[in-house]
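These are my notebook entries on one protein. I set down what I looked up, in the order in which I looked it up.

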Amino acid sequence: MLLRRVHSAASGALQRRACLTTMPVSGGMTVDLSGRVACVTGAKQGFGRATADRLAEFGAEVICADIDPSIVSDERISDNPRQHGVVCDVADVGSVQAMCDEAVSSLGRLDIMVCNAGVLWSTRILDITPQEWRATMDVNLDGVFFCVQAAAKAMVAQGEGGRIITISS
């Protein structure tokens, strides 16, 4: 369950109401994302991998993007006809734009962007170097902005909008 701001016709005020998400909930809810196209960054492993798998399970075509070049030949992706591996460095605006362009040119549209890529250092805060800090901000901050901006441009151009999900910790 998520809380969504909705406009109340009765009072004219914005209210928060519970709404079902497109992710599975208990109770046998059926989710159909057929005809939808999603991009998931950081899709090589962990939460990104699980998110890409779930979106494909619900019928979406999924661009599985990661900085690791082995994403293109990953058997888990190549064995699923709804998943497409793409190399993308989210810290590079051109790479992000190319990922979104690939979704639109090869799959016809972009409906869902999941900004999941991130870096985390196991270094103590006292020992983080300026280079490590910059790399963290390049991916965790700039990369999210680049993905949101590129996806929003594609979604606006389609005239149907879409969903942009950012994940952080």
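Which residues have the most contacts inside the largest nonpolar core? I noted first that the model is predicted. I then found that the largest nonpolar core has 23 residues, and that those with the most contacts inside it are Cys-39, Val-90, Val-96, Met-99, Leu-110, Met-113 and Cys-147.

**Entry: elements of the core.** I looked up which elements give two or more residues to this core: they are strand E3 (37-41), strand E4 (61-66), helix H3 (93-107), strand E6 (112-115) and helix H4 (130-158). The largest share, 8 residues, comes from H4. Apart from this core lies another, of 16 residues, and I recorded Ala-38, Phe-58, Ile-112 and Val-114 among them.

Entry: I then turned to the contacts of Val-96. Leaving aside residues up to four places away in sequence, Val-96 touches Cys-88, Asp-89, Val-90, Phe-146, Cys-147 and Ala-150.

**Entry: the whole chain.** I counted 4 helices and 7 strands in the protein. Along the sequence they follow the pattern β-β-β-α-β-α-β-α-β-α-β. Of the 169 residues, 36% are buried. I also looked up contacts between residues at least 6 apart in sequence, and 50% of these join residues at least 24 apart. The accessible surface comes to about 10000 Å², and 55% of that belongs to carbon and sulfur atoms.

**Entry: salt bridges.** How many salt bridges are there? The count comes to 10. I examined several of them in turn.

Arg-49 and Asp-53 form a salt bridge, 2.5 Å from N to O. Both lie in helix H1 (residues 46-57), 4 residues apart, which is about one turn of the helix. Arg-49 has 4% relative accessibility and therefore counts as buried, whereas Asp-53, at 34%, counts as partly exposed.

Glu-160 forms a salt bridge with Arg-109, with the closest N and O atoms 2.8 Å apart. Glu-160 lies in the loop between H4 and strand E7 (163-166) and Arg-109 in the loop between H3 and E6, so the pair ties together parts that are 51 residues apart in sequence. I found Glu-160 exposed, at 55% relative accessibility, and Arg-109 buried, at 17%. I noted as well that Arg-36, Arg-109, Asp-111 and Glu-160 are linked in a network of salt bridges.

The side chains of Asp-127 and Arg-124 meet in a salt bridge of 3.0 Å, N to O. Asp-127 counts as partly exposed at 41% relative accessibility, and Arg-124 as exposed at 52%.

Notes:
Residues numbered from 1 in each chain as written. Predicted model: local features only at pLDDT ≥ 70, side-chain atom pairs only at ≥ 80, totals over all residues. Heavy atoms only, no water. Core = buried A, V, L, I, M, F, W, Y, C linked by side-chain atoms within 4.5 Å. Buried < 20%, exposed > 50% of the residue type's maximum accessible area, 1.4 Å probe, protein only. Contact = heavy atoms within 4.5 Å. Areas by Shrake-Rupley, 256 points an atom, 1.4 Å probe, with all protein chains shown as cover. Salt bridge = Lys/Arg side-chain N within 4 Å of Asp/Glu carboxyl O.
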